[in-house]
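Please open the structure in the viewer and keep the selection tool at hand.

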Amino acid sequence: MSENAEDKAVSIPAQSTGSATLTKNAAPGETLLKVTGLQKHFPIRKGLLQRQVGAVRAVDGIDFEVKSGETLGVVGESGCGKSTMGRLITRLLEPTAGTVEFEGRDITHLGVGAMRPMRRDVQMIFQDPYSSLNPRHTIGTIVGAPFKLQGVTPEGGIKKEVQRLLSVVGLSPEHYNRYPHEFSGGQRQRIGIARALALNPKLVVADEPVSALDVSIQAQVVNLLDDLQQELGLTYVIIAHDLSVVRHVSDRIAVMYLGKIVELADRDSLYKAPMHPYTKALMSAVPIPDPRRRSAKSERILLKGDVPSPISPPSGCRFHTRCWKATEICKTVEPPLLELKPGQQVACHHPENAEDQAPHDTVLLTAARDAVELVAVGTAAELAEAERAAAAATEEPADVAKTSGPEAGNAGDDAAAAADAGTEGESPEPTEK
Ligand SMILES: Nc1ncnc2c1ncn2[C@@H]1O[C@H](COP(=O)(O)OP(=O)(O)O)[C@@H](O)[C@H]1O
Ligand code: SF4
Ligand SMILES: [Mg+2]
């Protein structure tokens, strides 16, 4: 079936009495999740004795809070530790150090048994809708698996509840007996969302939920997540590798670089006046037409070079090998994450948009002189025209710009799906694609 045709309307029926509501959500604004000094170092082992010779410092000491009802966007280039962070806070990975508190309770080292009730409250949506759904299971089995795993029988039975969830995410209840291959990418991601919502979670961590999807479908899935949040009072951590995806839906945004949070700010502060040079570079990759400067050529800051290896990150500020403002102190002293403006934390010795942004040591490092390239990307009017053309071509909202192609997937969590397929009732319809 045509994804565009089907994905248009999102109708969210009221939660039936048969829903699997188990606990009440925390009051909006209360701290739901608190992360302190969180680290994950993956050991590198070599030789016959498998001695540890080093470690990938994927997440290297991060602190943040997520309030009930808000959306925290997490952005950063590929390999900077976003997925690892997502897996740590959902406790799919064991941290090397630091703590994770959920509703004031330390869940950092809870065992499988103690974590089981928590699993209802914290769910994850994975990046790749093609590999995160078990191809051998029907949609009914996949979306119904959380009930079986938790031993929960919703009022009215699992099938009825799964069909309700399918309509909540904009799919047809008739899809119950079909298989993942019969669906397009956007529809599969909707199935993943339905599965994540099954147990009425409090926190949903979405790891690049739209990166693998067609541009025209991205906005629809992001809008669905947004609508579901309003309707169900969900709290989100949404991970993306550029700012365009999280721009509209986030209340606050954390920018990660090489296992660290370099800037954490309210969405509006971050967009109006980014303070970390890395945030500025990421923002400049998202062309935003400015109607006041329609004839002015806008420029993009193009960071040169790759993200350095997290096995031996650069000394001092980890961004100093790619920063055009780097001076000697950047190389030697790691800048702490400090609140430089209300609601805006930044880790930088020479922050942008700050009163004292002139560095005390004004001699730039040699590498800083050619760290970036400025690329003209056309006038604001040209950009606006290009956006209009793209929107007309897809006949869809063009508010989510294209992100680059899918990265190495790290999904595939459906191992736990129950084996017994729900096969009562209707026969599968032919695939319409
Ligand atoms: N299981 C693992 N074992 C070893 N290294 C890993 C593992 N998972 C991730 N990494 C490494 O940790 C770093 C961060 O990865 P990841 O969290 O996937 O980043 P992102 O999601 O931002 O692209 C990368 O260098 C990656 O290669
Ligand atoms: S100015 Fe220095 S501290 Fe700030 S981001 Fe650049 S290298 Fe890091
Ligand atoms: Mg990732």
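**First stop: helix α10**

Select residues 277-284, which form helix α10. Of its 8 residues, 7 are buried, so this helix is largely enclosed by the rest of the structure. Here a residue is buried if 20 or more other C-beta atoms lie within 10 Å of its own, exposed if 12 or fewer, and partly exposed in between, with C-beta atoms placed from the backbone. Helices (H or I, at least four residues) and strands (E, at least two) are DSSP runs numbered from the N terminus. Colour the buried residues of α10: Pro277, Tyr278, Thr279, Ala281, Leu282, Met283 and Ser284.

**What kind of model this is**

This is a predicted model, in which local features need pLDDT of at least 70 and side-chain atom pairs count only at pLDDT 80 or more, while totals for chains, interfaces and linings use all residues. Residues are numbered from 1 along each chain as its sequence is written, and chains are lettered from A and ligands numbered from 1 in the order in which they are written.

**The whole chain**

Display the protein chain as a cartoon; its secondary structure comes to 13 helices and 14 strands. Of the 433 residues in the chain, 44% are buried. Two residues are in contact if their C-beta atoms, placed from the backbone, lie within 7 Å. Among contacts between residues at least 6 apart in sequence, 74% join residues at least 24 apart.

**Helix α7**

Next, select residues 215-232, helix α7.

**The largest nonpolar core**

A nonpolar core is a set of buried Ala, Val, Leu, Ile, Met, Phe, Trp, Tyr and Cys residues joined through C-beta atoms within 7 Å. The largest one has 97 residues, and Val143, Leu165, Ala194, Val237, Ala254, Val255 and Ile261 touch the most other members. Helix α7 gives the largest share of this core, 7 residues. Domain 1 (1-15 + 26-46 + 53-250) and domain 2 (277-334 + 350-397) both contribute residues, so the core lies between them; these bounds come from an automatic or database domain assignment. Centre the view on isoleucine 261, whose contacts beyond four places in sequence are Ile62, Phe64, Ala254, Val255, Met256 and Leu337.

**Proline 146**

Select proline 146 in helix α4 (residues 139-150). Is this proline buried or exposed? Proline 146 is buried, because 24 other C-beta atoms lie within 10 Å. Leaving out residues up to four places away in sequence, proline 146 touches Arg195, Ala198 and Leu199. Alanine 196 is 50 residues away along the chain, yet its C-alpha atom is separated from that of proline 146 by 8.3 Å.

Glutamine 50 is in the loop between β1 (31-46) and β2. Although not a glycine, glutamine 50 has a positive phi of about 50 degrees, and with 9 C-beta neighbours inside 10 Å it counts as exposed.

Leucine 258 sits in the loop between β9 (252-257) and β10 (260-266). Its phi is also positive, near 45 degrees, but leucine 258 counts as buried, with 23 C-beta neighbours inside 10 Å.

Alanine 354 lies in the loop between β13 (344-346) and α12 (366-369). With 15 C-beta neighbours inside 10 Å, alanine 354 counts as partly exposed. Its contacts beyond four places in sequence are Met275 and Leu340.

**The two ligands**

Finally, select ligand 1. A residue is near a molecule if its C-beta atom, placed from the backbone, lies within 6 Å of it. There are 14 residues around ligand 1, of which Phe42, Ala58, Lys82, Ser83 and Thr84 come nearest. The largest share of this shell, 3 residues, comes from α2.

Now select ligand 2, which has 13 residues around it. Cys317, Cys323, Ala326, Cys330 and Cys348 come nearest to ligand 2.

Definitions and conventions: The expected span of a helix is 1.5 Å times one less than its number of residues.
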